[in-house]
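Open the structure in your viewer and keep the sequence panel at hand. The tour goes from one selection to the next.

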Amino acid sequence: MDATTHTSNNFRTRLWVVALCIFMKISMIIFFCSPQVNEKPNKTYSFAGDDFPRLLPLAQADPVMMAFEDSIHYQINTEDGKAEWASLIPGNGLVYLGEQPGHPFSISMFHQLRCLDILRDDIVGADSNAALSRHCLNYLRQMIMCRSDAQLENILLGSKDSPFPQFFVQPGPYVCSDWNFVLEEVKKNQAGSELMP
């Protein structure tokens, strides 16, 4: 193995570790935190310029319990994993609000999930899209900082002999926002939109 191949493999391994750490944190943000945006109830929006709601107008869903665990699903480099990542985003991930034909919006949760899938694909794929990966890393960094999740996590330390410092969040239950409720509401929105492909 020449030095270039070794350096490339070493870089991909480090990128993989960074992506997994980012995935863990973003997953917790997506599933455990709700954005703190002040919306005026019953306000009518024109959807012209910046006159639109900052949150998808949804009924308040009850929180759900989620067991945080190392899943055998969402593998980084399998066809099943690729399909599971793709299944997290309904349709094109957009919702359409306002008068028909409706103004398209992305939901932060789906943007974050799409970025994680882009990073996953970039790590295992032969073709790299550095500009798109850079966008996703910066976007995810900003979302993590924006949400400032201060929930304490019980850390299990890995082996000191490992070339990378390893730590794992101890599995356990968490109280989460109901992401399935959001997913179903987005599917309903998309089904009623004339803009969906």
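The stops below cover a helix pair and then some salt bridges. Keep in mind that this is a predicted model.

**Stop 1: the helix pair.** Select helix α2, residues 79–87, and helix α3, residues 108–124. Their axes lie 9 Å apart and the packing angle is about 160°. Angles over 145 degrees count as roughly antiparallel, so α2 is roughly antiparallel to α3. The crossing of α2 past α3 is left-handed.

Now show side chains at the contact. From α2, pick Lys82, Trp85 and Ala86; from α3, pick Leu113, Leu116, Asp117 and Arg120. Sorted by class, this contact of α2 with α3 has four nonpolar and three charged residues, and no polar ones.

Stop 2: Between Asp121 and Arg120 the N to O distance is 4.0 Å. Which of the two is buried? Arg120 is, at 7% relative accessibility, while Asp121 is partly exposed at 37%.

Stop 3: Select helix α5, residues 179–191, which holds both Lys187 and Glu184. These two sit three residues apart, about one turn of the helix. Their salt bridge has its closest N and O atoms 3.7 Å apart. Lys187 is partly exposed at 40% relative accessibility, and Glu184 is partly exposed at 39%.

**Stop 4: Lys43 and Asp51.** Select this pair to see a salt bridge of 3.3 Å, N to O. Lys43 is partly exposed, with a relative accessible area of 37%; Asp51 is also partly exposed, at 23%.

The model's salt bridges come to five.

Note on methods. Residues numbered from 1 in each chain as written. Predicted model: local features only at pLDDT ≥ 70, side-chain atom pairs only at ≥ 80, totals over all residues. Heavy atoms only, no water. Axes fitted to C-alpha atoms, helices over the stretch in contact; angles between N-to-C directions. Helix = DSSP H or I, 4+ residues; strand = E, 2+ residues; numbered from the N terminus. Parallel < 35°, antiparallel > 145°, perpendicular 65-115°, else oblique. Left-handed = near helix turned anticlockwise from the far one by under 90°. Contact = heavy atoms within 4.5 Å. Nonpolar A, V, L, I, M, F, W, Y, C, P; charged D, E, K, R; others polar. Salt bridge = Lys/Arg side-chain N within 4 Å of Asp/Glu carboxyl O. Buried < 20%, exposed > 50% of the residue type's maximum accessible area, 1.4 Å probe, protein only.
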